[in-house]
Amino acid sequence: MTADDLGILWLTVRVAALATVLILPFGVACGWLLARWRGPGRTLAETVMSLPLVLPPTAVGLLLLQALRRNGPAGHLLERAGIELLFTPAAVVLACAVMSFPFLVRFARTAFEEVDPRLLSMARTLGSTPAAAFRRIALPLAWRGILAGTLLAFSRALGEFGATILVAGNIPGRTQTLALAIFQRTHIGQDAAAMRLVVLTVALGFVAVFATESLTRRRARRIGV
Amino acid sequence: MISLDVALTLPRFELRVETDLAGGGVAVLGPSGAGKTSLLETIAGLRPRARGRVVVEGAVLMDDASGVRLPPEARRIGYVPQDALLFPHQSVGDNVRFGLRSGARSGLFDELVEILEIAPLIRRSPAAISGGERQRVALARALATEPRLLLLDEPLAALDVELKGRILPYLLRVRDALRVPFLYVTHNAGEAAVIAEEALLLREGSVVRQGPTEAVLAAMTGEHVDPAARYENVLAGALEPRAAGMETATFHAGGARLIVPATPTEAAPGRTVFTVAPEEILVSERPPERVSARNRLFGRVMSVRETPDGTWLRVHAEGIAWTVRLTHAAEEELAIAPGAGVWLTIKAHAFHRLA
C-alpha cells in the first residue's frame, strides 16, 4: 500500500461521504412524498427520479457536462457567481450525488410505505401537527430503511465512474477516485498497482453492503416478514 | 352535548348524520359497512372531504357555514380503534405520554396508569403485551389528551370473551370516574346495553333509529340489521362476597337476585358484569317445578319477533329486559303473545362473567 493508494482511498471516501450527506435530506423528502402522494404525476416523478439507475452513467455524465459548461443553463449561473465546478473535486461529488440519489429515494420510499398511515392519523388525534407526526412517528419507524438506503447510496458513490470521468476528468490527486485510478493503472499496464486498489474497493464495498444487509434483515424480522 | 350535522360521500352511499346527543355514553350500532368508522373519523377530523358541522360540549370543531375546520390535533378527540394502534417503536409508558399536552394537569399520567392498571406494563414494548392490555394502553393514551369526547371503535371486537372481561370494567370505570362523553361503536347489543344510555343505529350511512339504548335494542331485536350482531343479555350489578366453599354466588342486577357460578375472587374494579346467551333461557307458561336450574323469574313479554333463525322475545322480568331466542316450533307450541306472563328458567352455569 503506497501513500498514493491511501490518498486515492481518502479522496474517494471523502467525496462519496459528502455526496451522501448532500442527498440525504432531499432523498428522505422525495421518498416521503412518493410514499404519501396519491395524486397525479406520481409515476412520472418516480420514473424521472429513477432514470439514473437505468441510463448508462456516461449518458448522465454527458447531460451534466452539457448543463454545467460555460454556456449551459446551470454553468451560466455558476460562472456569474464565480464558481468553477467542472473538473474539480466538487464535480466528483455532484456526479456521485446524482448517480446514488435514486438508491436512497427507493429505500426511503419503501421504508415510509411500511409505516401504517393510521399511526400518523393517530398521532394527529393525540395532538401532533403533520410535521411532528413525521418526526415522532414516521422517521423513527423508517430509520432503518433510510439508513440502509444511505449506506447503499454511499456504496454506489464509492464506485462511481462513468459520470465522474465526464464531468470531473481523471486528474490524479484532484479528481481521481478508486474507480478512475483502477481504470488508469490497468490502461497503462500497472496491473499489480491496480489490483491493490481493487482489494481496497472490495474491503470498502463489503463493509457497506454487509451493514446494509444486516440492517434490512433486522428490520424484516422486526416487522415479521 | 354533541351536535352533529355531517355528510361524507362514501363509495357505496352517502353518510348523512344529523343528530344531537346528550353526551354521556352513546352506542353506535349497525352492520359492517354502515359508515360507523367513517362517522368517527369525520368527528376526529381525519376525513378531509367531510362536510357539515360538529360541535362537542360547546366547542365548534367544524362548521362549513362559518369556515371553521380544526385540524385533528386541535380537536381534542380521543380515538381508540379496534386494533389499538399503539406506536410500535415506543414503550407503553411513552405511548401514554405521547398524548399528554404541555398544559396537562399534573398527576394525570399517574392517575391513568392507576385507573387502567397498566403500571406493570409501563416499560414493556406494545408487541410484548396482550390484546386486552393493548386496548387499555390505547385508552389511557387517548385519555391523556384530556379529550372532549372519546371515540371507541369496537375496542372489544378483536378480543375473545375472556379478554373482554378484562377491559369492560375499565371502560365502565373510565366512564364513571372521568366522566368523558363517548361514542362507542359495537356489534354487540349486550355491550351497548351495559355501557351506553343512548344509542343510534346506522344503516347505509343514515341514522335509522335513535333513543335510549334499551328502546333501540328492543326495536332491533331480531331485526336483520346486522348478521354479525350478538344479542347477549349483559347484566351489570353487584356480586355478593362468596361464602367459603360455595360453588355459586349471589348477583344483584336490576331488581333480580340471581344465582351465578362463583368465580375466584379477584380485585374486580367497579361493577360485575355477567352475560347470558338468548338460547340459554327456557320459557314456560307455568312456574317450573323441581328443576335443577337455580334461577326462575316471572316476567311479561314485551315483544315477539320472527326471523329466519328463530323467534326473539323481549321479556321484562325483575327489572331486567331479557332477550330470549326460541325455535319456531317451541314458539308455536307456547303461542306467546306480547303482554303474556311467562316464567324464565336459567341455569347458574348459563351466566358467564365478563367483568
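1. In which sense do strand S15 (residues 272-276) of chain B and S21(B) pair, and over how many bridges? In this predicted model, the two strands pair in the antiparallel sense, and 2 bridges join them. Within this pairing, B:Phe274 stands opposite B:Arg353, a residue of S21(B).

2. The pair belongs to an open sheet of 5 strands in chain B, which run in the order S14-S13-S12-S15-S21 with antiparallel pairing. At the edges of this sheet are strand S14 (256-261) and strand S21 (352-353) of chain B, each of which pairs on one side only.

3. For chain B as a whole, the domain assignment gives domain 1 (2-227) and domain 2 (235-353). The centres of domain 1 and domain 2 of chain B, taken over C-alpha atoms, are separated by 30 Å.

4. The largest nonpolar core has 160 residues, and A:Ala95 and B:Leu151 are those with the most contacts inside it. Helix H5 (residues 89-113) of chain A provides the largest share of this core, namely 17 residues. Because domain 1 (2-227) and domain 2 (235-353) of chain B both give residues to this core, it lies between them. Leaving aside residues up to four places away in sequence, A:Ala95 touches A:Gly61, A:Leu64, A:Glu160, A:Ala163, A:Thr164, A:Val167 and A:Ala168.

5. Turning to the interface, 13 residues of chain A are in contact with 14 residues of chain B. On the chain A side, the elements that give two or more residues are helix H6 (117-125) and helix H7 (130-158), and the largest share, 6 residues, comes from H6(A). By class, this side of chain A has 6 nonpolar, 5 polar and 2 charged residues.

6. A:Gly173 deserves a separate remark. The residue lies in the loop between helix H8 (162-168) and helix H9 (178-187) of chain A, and A:Gly173 counts as exposed because it has 9 C-beta neighbours inside 10 Å, where the cut-off for an exposed residue is 12 or fewer. Although A:Gly173 and A:Gly7 are 166 residues apart in sequence, they are 7.3 Å apart in space, C-alpha to C-alpha.

7. Just after H9(A), A:Gly189 takes a positive phi of about 85°.

Key:
Residues are numbered from 1 along each chain as its sequence is written. Chains are lettered from A and ligands numbered from 1 in the order in which they are written. This is a predicted model: local features need pLDDT of at least 70, side-chain atom pairs count only at pLDDT 80 or more; totals for chains, interfaces and linings use all residues. Two residues are in contact if their C-beta atoms, placed from the backbone, lie within 7 Å. Helices (H or I, at least four residues) and strands (E, at least two) are DSSP runs, numbered from the N terminus. Ala, Val, Leu, Ile, Met, Phe, Trp, Tyr, Cys and Pro count as nonpolar, Asp, Glu, Lys and Arg as charged, and the others, Gly among them, as polar. Domain bounds come from an automatic or database domain assignment. A nonpolar core is a set of buried Ala, Val, Leu, Ile, Met, Phe, Trp, Tyr and Cys residues joined through C-beta atoms within 7 Å. A residue is buried if 20 or more other C-beta atoms lie within 10 Å of its own, exposed if 12 or fewer, and partly exposed in between; C-beta atoms are placed from the backbone. Two strands pair if DSSP finds at least two bridges between them.
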